[in-house]
Amino acid sequence: MSGFSAAWLEARADWDNAALSPEILARLAAWSAQRRSPLRIADLGCGTGNGLSVLDEVIMVPAGWHLVDADPGLLDCARRRWPGRTGSTLRLTRCDLAQADLDRLLAGTDLVTAFALLDLVSAEWMERLWRALRCSGAAVLAALSYDGRLSWSPADPLDGVVRDSLNRHQRRDKGFGSALGPVATSALAHRARAAGWTVLVRRSDWILHSPGNRVGLEMLFDGWVSAAAELHPGLGPELAAWRERRLGEERLVVRVGHRDLLALPR
């Protein structure tokens with residue numbers, strides 16, 4: 001799968017934490033309080049371990065954490081981040097999720113978590129994940145999946161080009177095959193509801209202000225401009241000017257649409 005740098009994951013961590021749906025976290029806390037201890041949790045594409053840090057405050061029982069990522073440097077970051085609650089354990093697995101045997105990887109798991117991962121995967125990989133969830137009987141929290149909504153205030157004439165380019169680019173291969181992109185959460189929710197699972201989907205938008213996290217904003221805008229320029233090579237100078245103009249605005253507000261999904265089996 002395509003990797004992300006530790007610098008980017010750390011730059012976006014505060015945005016992620018502020019965006020996560022309080023309702024879904026509360027529902028997960030209530031569910032976990034009724035489960036056996038330790039709760040066996042697999043965090044797919046764990047990155048630097050920010051999801052672990054958040055959920056350690058939410059899960060109401062000791063947990064056996066299994067963190068999975070392809071990048072050994074990110075796994076090392078996640079190891080250092082683990083709070084080490086009494087009764088909990090930590091296991092790390094270096095694994096390319098695109099090629100993983102998910103049935104085997106998730107066997108015996110009670111909860112599967114994935115932060116900012118679902119929109120990167122293909123329909124075929126989603127089917128593999130769903131089969132593994134059904135086989136293991138694990139619940140799933142798929143948080144912070146991009147859903148195609150992107151807006152800036154005040155508006156700029158080039159905003160639509162950037163947004164449309166990003167949404168097209170999100171459907172390209174991210175290492176799993178052609179990505180589901182903005183429809184990923186709906187695709188998993190449909191499967192879970194059809195199987196009679198309890199499914200909760202809520203918005204978890206980034207709402208970003210400039211000035212603010214300057215480093216994060218620059219990295220975010222660089223990614224958007226790169227995606228747009230790849231699809232519209234003739235607009236390179238205009239896109240570069242859009243980036244500078246936007247980053248220079250003192251009262252810019254950016255909304256990046258995400259969705260959180262919690263699916264609980266019967």
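Arginine 149 counts as partly exposed, at 22% relative accessibility; buried here means under 20% relative accessible area, exposed means over 50%, and partly exposed is in between, with a 1.4 Å probe and protein chains only. This is a predicted model, where local features need pLDDT of at least 70, side-chain atom pairs count only at pLDDT 80 or more, and totals for chains, interfaces and linings use all residues. Residues are numbered from 1 along each chain as its sequence is written, and side-chain values use heavy atoms, with hydrogens and water left out.

So who does arginine 149 pair with? Its partner is aspartate 205, with the closest N and O atoms 2.7 Å apart in a salt bridge (a side-chain nitrogen of Lys or Arg within 4 Å of a carboxyl oxygen of Asp or Glu). The pair ties together distant parts of the chain, 56 residues apart: arginine 149 sits in strand β5 (residues 139-153), aspartate 205 in the loop between β6 (198-203) and β7 (206-210). Helices (H or I, at least four residues) and strands (E, at least two) are DSSP runs, numbered from the N terminus. Aspartate 205 is buried, at 11% relative accessible area. Both residues belong to a salt-bridge network that also takes in Asp147, Arg255 and Arg259.

The structure holds 19 salt bridges, so here are two others to look at. Arginine 191 and glutamate 127 meet at 2.6 Å, N to O, and they too link distant parts of the chain, from helix α8 (residues 184-194) to helix α6 (residues 123-136). Arginine 191 counts as buried at 19%, while glutamate 127 is partly exposed at 37%. Aspartate 76 and arginine 80, by contrast, share helix α4 (residues 72-81), four residues apart, or about one turn. Their closest N and O atoms are 2.5 Å apart.

Now for the open space. A pocket is an open set of points on a 1 Å grid over the protein atoms alone, where a 1.4 Å probe fits, with protein on both sides within 12 Å along at least five of seven lines; lining residues have an atom within 4 Å of a point. The largest pocket holds about 1000 Å³, a volume being the space filled by probe spheres set on the points, which are joined across faces, edges and corners. It has 43 lining residues, and Phe4, Trp8, Arg12, Ala116 and Leu120 are the closest to its centre. Helix α9 gives the largest share of that lining, eight residues.
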